[in-house]
Amino acid sequence: MITRLVKLSLQPDRAAEFEHLFYQSQPLIEKFEGCQKTDLFKVAGTNAGYFTISYWHSEQQLENYRNSDLFKNVWSKVKPLFSE
């Protein structure tokens, strides 16, 4: 099993938009072959610090997701929200 942890620093005024995008995308990502689960965690004491965690059956399945149209579509919406 592979656990993927991603730290995100977002523009504070776009944090709610990010949360909406995450929860909208979560069921689609979890249906992707090899994904067991995804979670979102907000960093305490911050307005816009987050971690996403996803669990994958194999590294190859994670790579398949990262090369998929689904990932490219989600990433294109999330990337402009970053502060760093």
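Two residues are in contact here when heavy atoms of each lie within 4.5 Å. The model is a predicted one, in which local features need pLDDT of at least 70 and side-chain atom pairs count only at pLDDT 80 or more, while totals for chains, interfaces and linings use all residues. Residues are numbered from 1 along each chain as its sequence is written, and side-chain values use heavy atoms, with hydrogens and water left out.

Asp39 is found in strand β2, which covers residues 35-42; helices (H or I, at least four residues) and strands (E, at least two) are DSSP runs numbered from the N terminus. The relative accessible area of Asp39 is 19%, so this residue is buried, a word that stands for under 20%, with exposed meaning over 50% and partly exposed the range in between (1.4 Å probe, protein chains only). Although Asp39 and Tyr55 are 16 residues apart along the chain, their C-alpha atoms are separated by 9.1 Å. Thr38 also lies in strand β2 and is buried, with a relative accessible area of 5%. Again leaving out residues up to four places away in sequence, Thr38 touches Phe22, Gln26, Ile29, Glu30, Ile53 and Ser54.

The chain has three helices and three strands, and they follow one another along the sequence in the pattern β-α-β-β-α-α. For 84 residues, a compact globule would have a radius of gyration near 12 Å, and the 13 Å of the chain agrees with this; the radius is taken over C-alpha atoms, and the globule rule is 2.2 Å times the number of residues to the power 0.38. The C-alpha trace spans about 35 × 25 × 20 Å along its principal axes. Of the 84 residues, 36% are buried. Among contacts between residues at least 6 apart in sequence, 61% join residues at least 24 apart. The chain exposes about 5400 Å², and carbon and sulfur atoms supply 51% of that area, as computed by the Shrake-Rupley method with a 1.4 Å probe; for residues, only the protein chains shown count as cover.

Charged side chains complete the picture. The chain carries 10 positive and 10 negative side chains, and the centres of the two sets lie 2 Å apart. Lys and Arg count as positive and Asp and Glu as negative, without His and the chain ends, and each charge is placed at NZ of Lys, CZ of Arg, CG of Asp or CD of Glu. Three salt bridges are found in the whole structure, each being a side-chain nitrogen of Lys or Arg within 4 Å of a carboxyl oxygen of Asp or Glu. Asp39 returns here, paired with Lys37 at 3.9 Å, N to O; Lys37 is partly exposed at 41% relative accessibility. Arg14 and Glu17 meet at 2.8 Å, N to O, where Arg14 is partly exposed at 24% and Glu17 is partly exposed at 37%. Glu63 and Arg66 form a salt bridge at 3.5 Å, N to O. Because Glu63 and Arg66 are three residues apart in helix α2 (residues 59-66), about one helical turn separates them. Glu63 is partly exposed at 30%, as is Arg66 at 36%.
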